[in-house]
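Q: I have a model open and would like to go through it piece by piece. Can you take my questions as they come?

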Amino acid sequence: PQDYRWSIALTPQPGAGLSRISVPTDVYLHARSASLADVRLFDATGKPLAFALTAPPTQSRTQRDTIAMRIFPVNGSHIGYYDLDNVDIRTGNDGRLLSVTARGGSAHDATPGLQGLILDAGPPAKDGRIDALRFTLPPGTDNYNAQVLLEASDDLKQWDAIATTTLNWLRNSDTQTLANDRIEFSPRSFRYARLSWQYGDPITFASIAAQQVSVTAIVPPRATIALKGTTGKSVDERLYATPIAIPADSIGLQLDEGNTSMPVTLGVYHPASEAPRHRLHLRPQARATQAAYFEPLLNTTFYRISMDGKERVSGDLSMPIVQTAQWVLRPQYQSGTNPNLNSVLRLGWTPASLVFLTSGKGPYQLVFGKNGATSAALPLSQVAPGFTQEELLALPVATAARVVALNSDAPVEKIADGAGLRLAALWAALLLGVAVLGFFAWRLLSQMKQEQGSSDKQEP
């Protein structure tokens, strides 16, 4: 552990043989590797522990609702599911089913009967799917048995058969009922349904309820960082020193001045040696003198505008993951002056999930901050073999303490924009200057004493 610069104490829950934690923000701020290759986990005796770094497990929230379907009987003289196409259906402007009427084709001496039911579940909910229907018998019906076919449609024209089942109710003398009153099928989105009988007497059910399942994805925890800029090659250009480990997938700018609209180009500088050959004019001998070249990555407009006492500000822009040690912001219109010198660049990312075995003796140390380290993370299948996504989500979550500098008990303040390194350099330069001045002062005093002694000896 002493080979690494920073440490965070991890405390797993009691009895947990396997734990997980979202990689703390401080790891991304101080790690020396873009891939977190310098991250290690040790127990109290310095024994390395097995761990894996993975994308956060996919999480979702499932909600089940019951929808009462509106029932429209189809009555006619010929009972058969094929006759359900021979009906007039009237709907409202919003698609609401208003009436269903069977057309001609019946014999004069035939007794009209129920051909089927057409159902309206209402507008489909966003991200909602129906996976079952439940039927309630009409009053006075105790025993019933029939096989039914269920079809679904979104436009009342094209019908898809989605399920067939036998519905039955059996009641004994003690008024106890044994019932199979549901049709279950693969979840799907639809508004209209059609029910026909393959055998058994058609009836108009007292009610039909649809079970709607809504699955909503849960966004994993996000991390953000605010970076202060420095002047670049021109007064308009701003440079933002960035921790190399941050896998930024969103970016925004908090403008310093109000009522501003600023089209910008965001990008990175690359060393001249990495420039495309056409940018170097195919002259290898000139590469050493070429300046770093600029690679534009995003073009967007940041704004901050007040209207009617309210302020509109540009949000964060999603982007493919970018890892760099420095972001460059260039206004698309060079003005020679920049009123937003103190604007703050905001980066966002989704921290990885760290899964580890809680073997050895606690407390455990998550250490990082070493140049040239090779990755020690193992595949998840070796740390948590055989675990499903649901089981990984249910793992106990460990607690992380504040980041500390190893060999020091004092917590280290987060400095996101590289100011810590600049501050240390300034202090080092200041101390060096004081030492140099002290040395010259000592030499000067020594010379003055020597000259004073010589003059005293020369006096008569």
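Q: Which residue in the turn between E22 and E23 has a positive phi?
A: Asp-308, with a phi of about 55°. E22 and E23 form a hairpin with 2 residues between them. Strands here are DSSP runs of E with at least two residues, helices are runs of H or I with at least four, and both are numbered from the N terminus.

Q: Before going on, what are the ground rules for this model?
A: The model is predicted, so local features need pLDDT of at least 70 and side-chain atom pairs count only at pLDDT 80 or more, while totals for chains, interfaces and linings use all residues. Residues are numbered from 1 along each chain as its sequence is written, and side-chain values use heavy atoms, with hydrogens and water left out.

Q: What stands opposite Arg-312?
A: Ile-305 does.

Q: How many helices and strands are there in the protein?
A: The protein has 4 helices and 30 strands.

Q: And how much of the protein is buried?
A: Of its 460 residues, 38% count as buried. Buried means under 20% relative accessible area, exposed means over 50%, and partly exposed is in between (1.4 Å probe, protein chains only).

Q: Which residues touch the most other members of the largest nonpolar core?
A: Leu-266, Trp-327 and Leu-345, out of 45 residues in that core. A nonpolar core is a set of buried Ala, Val, Leu, Ile, Met, Phe, Trp, Tyr and Cys residues joined through side-chain atoms within 4.5 Å. Apart from this core lies another one of 28 residues, including Phe-135 and Phe-190.

Q: What does Leu-345 touch?
A: Its partners include Ile-225, Tyr-240, Ile-251, Leu-266 and Trp-327, leaving aside residues up to four places away in sequence. Contact means heavy atoms within 4.5 Å.

Q: Change of topic. How many salt bridges does the structure hold?
A: It holds 12. A salt bridge is a side-chain nitrogen of Lys or Arg within 4 Å of a carboxyl oxygen of Asp or Glu.

Q: What does Arg-346 pair with?
A: Arg-346 forms a salt bridge with Asp-316, with the closest N and O atoms 2.7 Å apart. Arg-346 is in strand E26 (residues 344-349) and Asp-316 in the loop between E23 and strand E24 (317-322), so the pair links parts of the chain 30 residues apart. Arg-346 counts as partly exposed because its relative accessibility is 24%.

Q: And Asp-249 with Arg-222: which of those sits where?
A: Asp-249 lies in strand E20 (residues 248-254) and Arg-222 in the loop between strand E16 (207-218) and strand E17 (223-228), so the pair ties together parts 27 residues apart in sequence. Their side chains meet at 2.8 Å, N to O.

Q: Is Asp-249 buried or exposed?
A: Asp-249 is buried, because its relative accessible area is 18%. Arg-222 counts as partly exposed, at 41%.

Q: Last one: where does Val-436 lie?
A: In helix H4 (residues 419-458). Val-436 counts as partly exposed because its relative accessibility is 37%.

Note on methods:
Pairing = 2+ DSSP bridges.
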